[in-house]
Amino acid sequence: MALGFFSRLKKGLSRSTQKLGGGLTSVFTKRKLDDEALEELEDLLITADLGPAVAERIIDSFRSTRFGTEVTDEEIRTALADEIASVLEPVAIPFEPDPAHKPHVVLVVGVNGVGKTTTIGKMARSFSDQGKKVMMVAGDTFRAAAVEQLQVWGERTGCQVIAGAPNADAAGLAFEGLKRAKAQDADLLFVDTAGRLHNKSALMEELAKIIRVMRKFDETAPHSVLLVLDATTGQNAMEQVRVFRELVNVTGLVVTKLDGSARGGIVVALADSFGLPVHAVGVGEQVEDLRPFSAQDFAKGLVGSAEAEAETAS
């Protein structure tokens, strides 16, 4: 029987769950929640990529509500899942195009290799299945593979792809895409971009030019800027958010590659540090493997709670 999405999410978080859940089991086997236990728990949370700020807040909460009481690892897992969910709930916001903008222009940014093009294809498929007219711009013109990949997604989804010659001007393509999308009364226009972060000044210039040129046609574009992050990079994702927020007005995040090597705790640190909406998470290559982000499901999967185990087994 095929695994459900929650099961695949939990499987994708297995690396983090083994580190965090296994550590909880070793620290808390019916012992008092004293200073030593809290210190061990704080270290465990930080090494699981939740970040020092989140770890400190969780420890302060446990200290004020459970200090000195005898707890089991499962009681701590449940309480920890609740604490993590409380951090994630404010940012668990599904992506919804604004019908006031037609087309709603979505600029998709991120470093090379994070899954921008695949994310665009999956989102295009999802909204196309909802009856919306979707178009895509192959704006990563420096990588022929990215253009070809988006064209394949265009064939799969029946969505038009605007592409040019290798090394074509990305801003010009974006302008042409917006012009065509407007003429064809499209609901959504996704614009792929290059992600050469090692040359920050060139990337900044290119993204600024894409936005500037699109605004010659629609002064409100882009209406959303989605930053795609690879969950396997851990703390590097924090720096990517900082850099891209300097380059463009990032409006939301998509976290990909939540496979067995993912360092899922970083999503909690991102939520706490930046407060940007986390629109969706990806757990695999299939279209259905990109889903709206659920704070509760993610928190339960991350700590490996008994409830998560039961849901996965069912």
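Predicted model: local features only at pLDDT ≥ 70, side-chain atom pairs only at ≥ 80, totals over all residues.
In general, nonpolar side chains tend to be buried together in soluble globular proteins.

Next, select F190. Which residues does F190 touch, leaving aside those up to four places away in sequence? The contacts of F190 are V106, V108, I120, M123, A124, F127, V134, M135, M136 and V137.

Now move to helix α12, residues 295-303. Why may α12 be called largely enclosed by the rest of the structure? The reason is that seven of its nine residues are buried. To display the buried residues of α12, select A295, F298, A299, K300, G301, L302 and V303.

The last stop is a pair of helices. Two packed helices are described by the angle between their axes and the distance between the axes. Select helix α10 (residues 236-247) together with helix α11 (residues 265-274): the two pack at an angle of about 35°, and their axes lie 10 Å apart. The crossing of α10 past α11 is right-handed. To view the contact, select A237, M238, V241, R242 and R245 in α10, which meet I266, A269, L270, S273 and F274 in α11. Of the residues in this contact between α10 and α11, seven are nonpolar, one is polar and two are charged.

Notes:
Residues numbered from 1 in each chain as written. Heavy atoms only, no water. Contact = heavy atoms within 4.5 Å. Buried < 20%, exposed > 50% of the residue type's maximum accessible area, 1.4 Å probe, protein only. Helix = DSSP H or I, 4+ residues; strand = E, 2+ residues; numbered from the N terminus. Axes fitted to C-alpha atoms, helices over the stretch in contact; angles between N-to-C directions. Left-handed = near helix turned anticlockwise from the far one by under 90°. Nonpolar A, V, L, I, M, F, W, Y, C, P; charged D, E, K, R; others polar.
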